[in-house]
Every structure is written in structure tokens, then in C-alpha cells.
Amino acid sequence: MTTDHEADGTLLDDETLEKLQALEASAYAAFDEGELTDAAALFGQLVEWTPDIPHLHYMRGLAHKYLRDWPASLQDNLRSEQLRDGLDEATTWNAGIAATGAGDWAEARRQWTRCGITLPEGEGPIDGNFGVACVRLNPWSGGETVYMRRLDPVRARLENVPLPESGFRFGDIVLHDGASTGRRAYGEREVPVFNAMQRLQQSDMATYAVFVQCDSQDDIAALRALTLPGIGLVEDWTRSVRHLCLRCSYGAPHQHDNDSPDDDQGWARERNLGIAAQGRAAVERLMAAWTAAGSGRVLEAIEQREHPLQDPEPGQVWWLGHEEEQPM
């Protein structure tokens, strides 16, 4: 063990100490290998033997955090907090994350205040403006990265139209980790990238893949400028989504060209759009208005598919980013 040889005030003999050191090594190894259920159980055994060592409670709380067991993680971190003489930032942040995931807003507010973070006054969910950042959806499966508007230190609303395969929607409120895993450009500055941990509230905006033809970027700008009831956002996925052929995946007939969309040879007429809307009828009204207002605008197909959210598998160490060597 890394502390005095005591358990409940009783001096540990060398044999018991050696067993506990081996148990601790096994617990850390299980955590490092992504075997979180085993890690939580092993740290739990250590806590039973030595209940007054704060870092063991913290580590069990960390395993419960990445298992997304928010009540258990909160309990562990609160015990870690109680056993420490002063503020431990990692414990406080993880307690705040767990309290937010559990919907314990009084405790979440207390933890963020302990971190020195100024919050909007009031009770219940925090509805502030903590700026724009990026979030990596389904980080355990190489998910896409989208922009979000942060409502509090670890809760945010998605501001892009994610691919349907992600299971997420424009306007979803998500819980994200407290440690940045990278940075992305946002205008002329960079913003941090965080791992999404869970969707807390689903948006009523379903995702529609819409395939069109048009002559220029002005046509897309005109579509985006249209405001109709039930429409949340229109995005041109043609430039941003290149790792797969959306038209083929949805069965929309077309011919492949060898050149990339909008390459040096000019504009590609075939466009793949992502539209967030409350229903198909709203998308149909939007596209009818758009095609009628300009020449050369062709609607080819409107497709909508629902996909379930993905869960991590045991053995995945998904919480480490490219710029990190150890978890928070």
C-alpha cells in the first residue's frame, strides 16, 4: 500500500500488507486495461480493508465514472473528499461530473463552486453560457466530433447535425468529461475537445439525410437561410463527411466520379445534406420552397433512419485522448 500500514487503526502485518499491495496492483492493472467492473470490485475490496485511504475511494469512483454509474461514482468521490484535509481538484471535478450525471443539482452546484467556478444563480439544472467547444461522440468507437454550446462545466447542447449512425441528434444535451482530449479550430481560434459520456436529454429534432443537386454554394446558402416551423438546422455534409459515400449507404442512385467533392476542378452538383427537423413533413415543405425559388435545384431523396446509442465494450480504454498519457 502507499500509506501507513493500518486498517481501522490496526497495524497490518507484513503478510497482509503484501497481499494488499498485490491487490492494489491488480486493481490498477484492471483499470488500465479497461476492465472497469473488475477494477471497481478490486478497489472495493481494498476499501473494505483500508477504508480511510482517500485515493482508493477516488479510484473506485473513477472506475464507476467510466462505467457511467453516477450514484456510485458520486458516493465514492464524496467519501474521498471527506477523508482529505484540503481540496483535491480531481476528486471535486469527478464529484461534479457524477452529480450532474445523477441529476443531483444541489451537489453539482456545490462541487463547481468549490472549484471556484462562477455559476448562474438559482436551483436545479445549470443554464449558463460556458462557451463553445467540441465533443467527440461515442469516443469508444471512433465517433465523429461536433460543436457544442456548454451549459455548465460538463453539460452541453449539440450545435451540429450528427450523422444518424451516431445515435445523437442536433440539440441533444450531453454529459461530457472534464478533461480535454485535444483542440479544434473554431473560426480564428481553437476550442477544446471533450469526450461525450452520455446523452442526458434527447432533442425532438430527428436527423434527415437529404440528397440534392444544385449549381453553386449560393443555392446552399439560400436553403440554410430559409426559416420554416419544425426545422432546426441544415448542414452541407458533402464537404464535412468524406469517409463514406452517403448516397450509396442510403441506396440513392447516382454515378461515382473519381474526383472529390468541391475539388480544384470546381463545384460538385450532387450535395448530401443533414437536416434536423421535427418531422418529415417539415423537411418536405422546406425542400419544396427551396426548389421552387431557384433554377437548377433538384431534390433527389429524403431519407431518415434511427440508430441506437452505442455503449463501450469491456476492455476499451476510450477515455484517453491523443494529448493525454493518464486519465484525470
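Student: What makes R271 and D236 a salt bridge?

Tutor: In this predicted model, the closest N and O atoms of R271 and D236 are 2.8 Å apart. The cut-off is 4 Å between a side-chain nitrogen of Lys or Arg and a carboxyl oxygen of Asp or Glu, so the pair R271 and D236, at 2.8 Å, counts as a salt bridge.

Student: Why are R271 and D236 called buried?

Tutor: Buried means under 20% relative accessible area. R271 has 0%, so R271 is buried. D236 has 17%, which is also under 20%, so D236 is buried too.

Student: Which residues do salt bridges with shared partners join into one network?

Tutor: That network is made of E81, E107, R110 and R114. As for the whole model, the count comes to 18 salt bridges.

Student: What makes R110 and E107 a salt bridge?

Tutor: Their side chains meet at 2.8 Å, N to O. That is within 4 Å, so the pair R110 and E107 qualifies. Both residues lie in helix α6, three residues apart, which is about one turn of the helix.

Student: Are R110 and E107 buried, exposed or partly exposed, and how do you know?

Tutor: Let's take them one at a time. E107 has 14%, and that is under 20%, so E107 counts as buried.

Student: What about R183 and E190: how do you know they form a salt bridge?

Tutor: Check the distance again. The closest N and O atoms of R183 and E190 are 3.6 Å apart, and 3.6 Å is within 4 Å, so R183 and E190 form a salt bridge. R183 has 44% relative accessibility, which falls between 20% and 50%, so R183 is partly exposed.

Student: Back to α6: why does Q111 count as buried?

Tutor: Q111, in helix α6 (residues 105-114), has 0% relative accessibility, which is under 20%, so Q111 is buried. Leaving aside its neighbours within four places in sequence, Q111 is in contact with L78, E81, T92, A95 and G96.

Student: And what makes L273 buried?

Tutor: L273 has a relative accessible area of 0%, and the limit is under 20%, so L273 is buried. L273 is in strand β11 (residues 270-277). Not counting residues up to four places away in sequence, L273 touches a list of residues including Y208, V212, I220, L223 and E235. E235 and L273 are 38 residues apart in sequence and 5.6 Å apart in space, C-alpha to C-alpha.

Student: Last one: which residue caps the N-terminal end of α7, and how do you know?

Tutor: S216 is the cap: a side-chain oxygen of S216 lies 3.2 Å from the backbone nitrogen of D218. The cut-off for a polar contact is 3.5 Å, so 3.2 Å passes.

Definitions and conventions. Residues are numbered from 1 along each chain as its sequence is written. This is a predicted model: local features need pLDDT of at least 70, side-chain atom pairs count only at pLDDT 80 or more; totals for chains, interfaces and linings use all residues. Side-chain values use heavy atoms; hydrogens and water are left out. Helices (H or I, at least four residues) and strands (E, at least two) are DSSP runs, numbered from the N terminus. Buried means under 20% relative accessible area, exposed over 50%, partly exposed in between (1.4 Å probe, protein chains only). Contact means heavy atoms within 4.5 Å. A polar contact is a pair of N or O atoms within 3.5 Å; within protein, one must be able to donate a hydrogen and the other to accept it, and residues adjacent in sequence count only if both atoms are side-chain atoms.
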